[in-house]
Amino acid sequence: MESLRQSQYVSSDLEPVRSCHYRTVSGLDFTHSAMGGRMIQVVDANDDSRVKSAGLIDLSLLPRVGYRGKGVESFLSSQGIAVPNKPNRAAISPDGELVLRLSLTEFWVLGSLKDLGRSVMELPRQHTQTPASCYPLFCEDSHACFVLTGEHIANVMAKLCAVNLREDAFPVGHIAQTSVARTSCIVVRHQVEGVPCFMLLSDATAGEYMLGILLDALTEYQGGLCGTACLI
Amino acid sequence: MNNPAPVFRDRLPEPMGLMLERQKTVEFIFEGERITGIKGDTLGSALLANQQWVWSRSFKYHRPRGPLTLAGHDANSLVQLPNEPNALADRVPAIDGLDVTGQNVNGSVKKDKDAVLNHFGRFMPVGFYYRAFYKPKGVWDWWEKQIRVKAGLGIADLKFKPEYYDKAFLHHDLVVVGSGPAGMMAALKAADAGADVLLLEEHTLLGGSLAYSEFSDCNNPEQLRQELMAKVRQHANITVMTEAVCNAWFTDNWLPVLQGKRLYKVRAKQCIMVTGAYEQHVVFRGNDIPGVIFSSAVMRLMKLYAVKPGERAAVLTGNEDGYLTALMLNRQGIQLCAVIDMRQASELSHTEKNLVDQLHQKGVQVRFGQTVYEAKGSQRLEFIEVRAITSPGEVSASLETIPCDLLCMSAGYMPAYQLICQAGGQLSYDDQRAAFSLRNLPDNLYIAGSVNGIHRLSAVMKDGERAAIEALNALELSDEAVPDVFCDQKVNFHWPIFKHPKGKDFVDFDEDLQVKDIVNATRMGYRDIQLVKRFSTVGMGPSQGRHSALPTARLVAKATQRTVSETGVTTARPPLTPEKLAYMAGRGFDPYRLTSMHYRHLELGAKMIPAGLWMRPAFYPKEGQRLTGSAASPLLLQARNIRNACIENESLHVRTKVGLIDVSTLGGIELRGPDAAELMNRIYTFGFLKQPVGKTRYAVLTNEQGVVIDDGVACRFDEDHFYVTATTTGVDNVYRLMTFWNTQWQLDVDITNVSSAYAAVNLAGPDSRKVLEGLTDLDLSREGFPYLACREGFLNVPGCEHKIPARFLRVGFVGELGYELHVPSRYGEVLWDILMAAGQPFDIKPFGVETQRLLRLEKGHIIIGQDTDGMSHPSEVSLGWAVSKKKPYFNGCRAVDIVMKRPQTRKLVGFRLSAEYLVQNQKPEEGHIVLSDTGSDSSITGNVTSCEYSPTANAIIGMAYVGIEQSEEGGQFPIRVDGGSVVMASVVSLPFYDKEQTRQEA
């Protein structure tokens, strides 16, 4: 991780929107999310093979929004967003947004790479803009967001997390709110174009730590960072 | 290399040598000699193929020791590798170029100068080290040096470069520990029924005893092994791990499994222990001479490694395995000079009589009712002395000496009980079978095969299936009736112990313990088996009692006139096998948190210090003053001087111009909803119901003991919206406490911990308003945005259209005009950049946490955790003003009432000392004690909590707890400083700086 830091001296001429760990990721090509931050689109020519085996994509700057309160379910319905019917389940919208139900009254909507999060950006962020008992959360800033991809993801996570995340015990659409490498983390199993994925949401200020831990765990499977283009 | 390579002896023909790739050779060095082996050899098998029978020296008497079990179950095979001590020669693969030496030797394994100790055994009786080295008083200091030189086995390589070890979790319906015939049958039965099975095998080959042993009810065990193995390997529901040691059992079938450089933490819904049984030795004089070996070890040597174990072999047995070994030796062309059965011929079973007949047909006669009374040889077995057994443990006077170079012994078996006993299983001794069996297994744990006392192969396989059925029923994958499995094969000779008047009849090879050592321990009053263990160290060596537990139990039982069951065996504790510290110390997880401005601090050369999981800038040394490594230690004068100079300069800069500090680590909690004010009012000591919108208020939190545990600033942005800060390390506790209480109160409020969501800075100093004016449209005038006000607005990013949403707090922690700016963390680095750029015309400079501590000290503000302790109530720290007496309740209010009504015994006060004490190196430090007076019988009344030299005050200033009678302003109290001298500090009123508050309210 130290070498990663040193190899990425970053000048201040970047966009104002930056993740806490942006210096530790690099690639050939970037794209801009609807939030304004730079996301790696392509790391190198091996992205496509790596993503199917053991890949890691940083989606920390892809827009997302969370809401908590008794009024959230009806609010999201009014926005045309279908929600899972019980806690710790996730659903994918037709446009590719991932809708997480983290408790009876807490929901997160994670932006889609298809529109770089534009739809989610249109959802309100201020509690003055939402109905009563529907409080926006701060997950865009409080959490880093990574996607582990490929056939080895369960083995990778077995090195970091005590929960059984193999597909037979933790199928697509399941959520574990647990500890990953001693850091609180939301783990969501989903899949994109047949590629198994774990969406990981953990403390943004520990993003660099988590990134380092995940890359270290991927090494055994010759895995590493991939760009967002692989999942579109 | 001292010697030319020895002649490479021919190996036995196939099918012997299951492990070998005969076309490939390997070469390594042992004790300076080149050893040539075949790929697949262990170090041990290659050594034996080269006639190297002395591998090590014994722990106490330095007797030559060679192979015993060839299964990695004994201490005789411990050798030294270049960077690993205590490696098992019979487990470590032979690889090219490895440099191997013996250990625990003074010289070489063949010529060990310490072998002279063998002749001084009478001066080293059991427990001698407990008694010999302590008298006369003081002599221990001399002895300790000598003992430390001699003690221990291998040598740790302190220059060893750490390797990557890690951990992983596994989850399975069923874990089968052991892949012998019972284990494979259990795995297959369970997997066929749909269970997800993990099959563990500590060795390289699957099959357990099928891989090396002979069976009276199976003509071709290798064929059976191949068939079972093929089914296991092909089964989709079975995961196989070889060279994987289940090293313990913990509650709920939590199994640590060591494989390679990884510790697997395995969770099993059900577990079947098929751990087998350890063959037991016969106790007689010289039973440790190289060439005296277990029957099973000889079978392994031939079957797995095709090594011819000797030229003239004798077999000493108490069961049919000795006959099977003799037949195997005979088939491989090894001369059998004696087959000795300790039993009478009449005790043999029908099967065993058939085996005797087979030997007769090959011209081998069997001696019944006899034993080996003594083995002789210096570096290798040369003779055995055979005597008739007259009664248990007693032999006739007549003797016969038989020359031989190999003695295979088989006295019976001890269940591999350790893991099962860790799980709560209990051993009980069956006198009729002269064997221990396991009972009282916990739920979800089963045993099968020889560990369950089942030895006949056909029964062993049925027992594996029986255990699987029990596990499947518990998993609700089957409702099959559990069959009974019966086995009448008796494997243990009832008393294979033949005490010799000259000793060296070893019970425990690890610790050189003889029969008399165990018996003498009981005579000295250590009658309990646990005490015998501790006094004699029996079972405490690397083999952990695998071979000594049973004879020790028998000896102690006899010596104390109890049954073996009453005597029992010592407690088996984890780990089962020696566990490298690397498994524990390998890759760990040490989370850290970085603010979004972290790298800006590094770029500016900040001295970073830890704060909980965070790293924070302490101060910013100039180029040339940035010390690293040990040079940066605060114990060094240069480092201290740089620190002091930095914080003095930074503090003066804030007092005179403008400074910027990253306070992103501050906790932040968002409270929204109609009952937000009510929650604040119930949690914190102050009143918050009437707090005006747009204003901040100091918030103090007490616990249910009335102790101050946190503080922060509560900002009211709307009637139903509070944003309250908390201390860096306290916020999680505050958040937990709020949610805990509101689960009961059910107030209509949402509580969210937003500490990571916000980055924050404190822009402080007389020029701070000027810096900020160009960046926001807010009215920053004294009237428009007064002291203690808060606002929500935007910061403009120069050069682009971006506007950063920000929260502005006019607070005065450092006592100057200042603004705390809180922005979403994605904008944190840009916030730092634009403020540093906008502040350039005003000579803005960053300041660190250490400087902030001085600045707040000058203002008399306390830091929770530094100026408070586990007893500090609001009055003691002069926060009585922040406790509302009008409201009915707040967290800890009842305790606060009680402690504040009690007579106060101490108080936190400000104190001042002349700067001259700096020169005299007598500045008080945090933690220095406050005394009641300067007399020799003075008592401790308090301690210093904060102390710094203040360039603004040109004095040493600080805060300290003092006795209540010492707290009066103008008084003096003594502080004992480094070196033991005492300085007198003057009590002064707080703050030290700007008592009129004009600067922060500017």
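Predicted model: local features only at pLDDT ≥ 70, side-chain atom pairs only at ≥ 80, totals over all residues.
Local features need pLDDT of at least 70, side-chain atom pairs count only at pLDDT 80 or more, and totals for chains, interfaces and linings use all residues. Residues are numbered from 1 along each chain as its sequence is written, and chains are lettered from A in the order in which they are written.

**View 1. Overall dimensions of chain B.** The C-alpha trace of chain B spans about 115 × 70 × 60 Å along its principal axes. Its secondary structure comes to 24 helices and 48 strands; helices (H or I, at least four residues) and strands (E, at least two) are DSSP runs numbered from the N terminus. The radius of gyration of chain B is 39 Å, well over the 30 Å that the globule rule gives for 1002 residues, so chain B is more spread out than a compact globule. That radius is taken over C-alpha atoms, and the rule is 2.2 Å times the number of residues to the power 0.38. Buried residues make up 52% of the 1002 residues. A residue is buried if 20 or more other C-beta atoms, placed from the backbone, lie within 10 Å of its own, exposed if 12 or fewer, and partly exposed in between.

**View 2. Overall dimensions of chain A.** The C-alpha trace of chain A spans about 50 × 45 × 30 Å along its principal axes, with seven helices and 13 strands. Chain A has a radius of gyration of 17 Å, which agrees with the value near 17 Å for a compact globule of 232 residues. Buried residues account for 51% of chain A.

**View 3. Helix H8 of chain B.** H8(B) runs over residues 350–361, and its 12 residues reach 17 Å from first C-alpha to last, close to the 16 Å expected at 1.5 Å a residue; the expected span is 1.5 Å times one less than the number of residues. Glu352(B), Leu355(B) and Val356(B) are buried. They cover an arc of only 100° around the axis, which puts them on the same side of H8(B); the arc is that of the directions from the helix axis to the C-beta atoms. His350(B), Asp357(B), His360(B) and Gln361(B), on the other side, are exposed. Helix H7 (320–331) and strand E18 (366–368) of chain B are among what covers the buried residues. Gly363(B), just after the helix, takes a positive phi of about 85°.

**View 4. The largest nonpolar core.** Such a core is a set of buried Ala, Val, Leu, Ile, Met, Phe, Trp, Tyr and Cys residues joined through C-beta atoms within 7 Å. Of its 353 residues, Phe146(A), Ile272(B), Leu407(B) and Leu831(B) touch the most other members. Helix H10 (residues 457–474) of chain B gives the most to this core, with nine residues. Leaving aside neighbours within four places in sequence, the contacts of Ile272(B) include Leu174(B), Val176(B), Tyr446(B) and Ala468(B); two residues are in contact if their C-beta atoms, placed from the backbone, lie within 7 Å.

**View 5. Where chain A meets chain B.** Here 32 residues of chain A are in contact with 30 residues of chain B. Helix H5 (139–142) and helix H7 (207–219) of chain A each supply at least two residues of the side that touches chain B. H7(A) gives the most to that side, with three residues.

**View 6. The loop around Glu167(A).** Glu167(A) lies between helix H6 (153–158) and strand E10 (175–180) of chain A. Glu167(A) is partly exposed, with 13 other C-beta atoms within 10 Å. Ala154(A) is 13 residues away in sequence and 7.7 Å away in space, C-alpha to C-alpha.
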